[in-house]
Amino acid sequence: MAASSKSRVVLKAVKKIAVQFCPFESNVRATREFLALVGSEKVRATNMNCEVTCVVKHDMSEPVVDIMYVDGERLVMKGAKLTSQEMMSAFQSRCFAKDPQAKVSGKK
Amino acid sequence: MAATLCSKIIPKQGWLPLRQSVRHGSKAVTRHRKPLHFLKQKLMAVTEYIPPKPAAPPGAYPTETIQVTEESGLVLIKKKQLREVFRDNKMIAVAQNSASSVEDMILLKHRLHKHEISVKFFPNEIVRMFLSDSVYSNLTPLFIGHTVLLVSKEPKVKELLKTVRASPQITILGACVDDSLLSAQGLMSYSKLPSLTIVQGELVSGLTMLTSQTAALLQRHPTHLSALLQQYIKQQSGETESAATTGEAS
């Protein structure tokens with residue numbers, strides 16, 4: 001399931017993805033998995049202008065994924081109580097809503 | 001077959017009635033097994049005999065012992081390697097690499113090898129098993145997902161950080177330098193520290209500052225020293241006078 005969603009992730013409408021978490025906390029698993037999925041070569045190759053940055057903090061803060069779209073919209077996901085699949089589906093639905101043509105061409 | 005023929009009175013000879021009713025009685029004793037009445041069938045099913053189970057003799061079943069799974073040979077080897085890694089290397093950094101390609105890995109390994117930093121991969125479970133036994137148990141929550149260990153004998157943090165900054169997917173989560181755990185920011189500040197000799201020199205100079213000053217004073221020309229002492233006496237007397245005047249005024 002993760003593999004199929006990975007190949008379909010298209011970042012055409014995304015400008016920047018900023019992930020921040022504190023690795024010594026216990027609730028960061030989903031955020032780290034999301035980072036691994038989004039930061040992979042295939043996904044980044046869909047849009048070379050999109051930056052994927054990761055900040056590692058140590059202040060017991062919640063893990064947060066901040067996605068900035070090309071048209072200025074921001075999607076903030078607080079990953080403390082989410083699973084990585086939920087985050088992926090939310091992210092992908094947003095991307096698809098922004099840019100349905102890119103996803104359709106990707107599938108074909 | 002007993003057939004009671006209730007026939008109507010035959011009025012004339014040879015004339016059979018149009019309708020003849022024949023009644024067969026069902027027999028109780030049949031040659032085949034007669035199907036039970038439904039209610040009786042239900043009753044028989046409910047009241048079937050359940051014999052008591054005989055208790056198993058004491059030696060029949062094996063006892064419920066705790067299953068101690070022996071660690072396979074691979075696990076033991078990996079644990080030994082991990083132990084050696086933690087013993088030999090002063091600096092161990094834990095990083096997450098979110099699926100970098102093979103070329104990136106080769107490049108990274110090459111760049112790190114120049115600074116004598118080696119890249120190690122271990123399965124997460126084995127690492128967690130090992131860490132829970134050892135002193136470094138606080139590193140355990142770091143090992144989730146795809147993790148890479150960057151180890152080196154000398155704590156060359158600055159070079160490590162520079163090289164890692166070049167490759168985008170590697171994110172440093174934490175490190176164990178000289179048996180002390182550091183977070184990512186701790187590593188940054190550690191890299192900005194001056195080297196040990198410099199720090200020791202600074203400490204020594206700070207402690208001996210006063211004594212070195214007096215030594216320098218004494219080594220100078222004695223006229224200078226006498227002038228300084230006279231100035232000091234004047235200052236002291238000036239202070240006592242002002243103290244006396246303020247005492248009288250109050």
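## Sheet of chain B and its interface with chain A

In chain B, Gly174(B) has Ser183(B) of strand 5 as its bridge partner. The model is predicted, so local features need pLDDT of at least 70 and side-chain atom pairs count only at pLDDT 80 or more, while totals for chains, interfaces and linings use all residues. Residues are numbered from 1 along each chain as its sequence is written, chains are lettered from A and ligands numbered from 1 in the order in which they are written, and side-chain values use heavy atoms, with hydrogens and water left out.

Helices (H or I, at least four residues) and strands (E, at least two) are DSSP runs, numbered from the N terminus. Strand 4 (residues 170-177) of chain B is joined to strand 5 of chain B by 4 bridges, and the two run antiparallel. Two strands pair if DSSP finds at least two bridges between them. The sheet in chain B is open, has 5 strands in the order 2-3-1-4-5, and shows antiparallel pairing. Its edges are strand 2 (117-120) and strand 5 (180-183) of chain B, each pairing on one side only. From one strand to the next, the twist averages 25°.

Helix 3 (residues 102-114) of chain B lies across strand 1 (91-97), strand 2, strand 3 (147-152) and strand 4 of chain B, and runs at about 145° to strand 2 of chain B. Axes are lines fitted to C-alpha atoms, for helices over the stretch in contact (heavy atoms within 4.5 Å); angles run from 0 to 180 degrees between N-to-C directions.

The interface between the chains has these values.

| Interface of chain B and chain A | Value |
|---|---|
| Residues in contact | 18 residues of chain B, 15 residues of chain A |
| Area buried | about 1,500 Å², 58% from carbon and sulfur atoms |
| Salt bridges | 0 salt bridges |
| Polar contact | 2 residue pairs (both at pLDDT 80 or more) |

Buried area is the accessible area (1.4 Å probe) that two parts lose on being put together, summed over both. A salt bridge needs a side-chain nitrogen of Lys or Arg within 4 Å of a carboxyl oxygen of Asp or Glu. A polar contact is a pair of N or O atoms within 3.5 Å; within protein, one must be able to donate a hydrogen and the other to accept it, and residues adjacent in sequence count only if both atoms are side-chain atoms.

Gln96(B), Ser98(B) and Ile144(B) supply 30% of the area that chain B buries against chain A, more than any other three residues.
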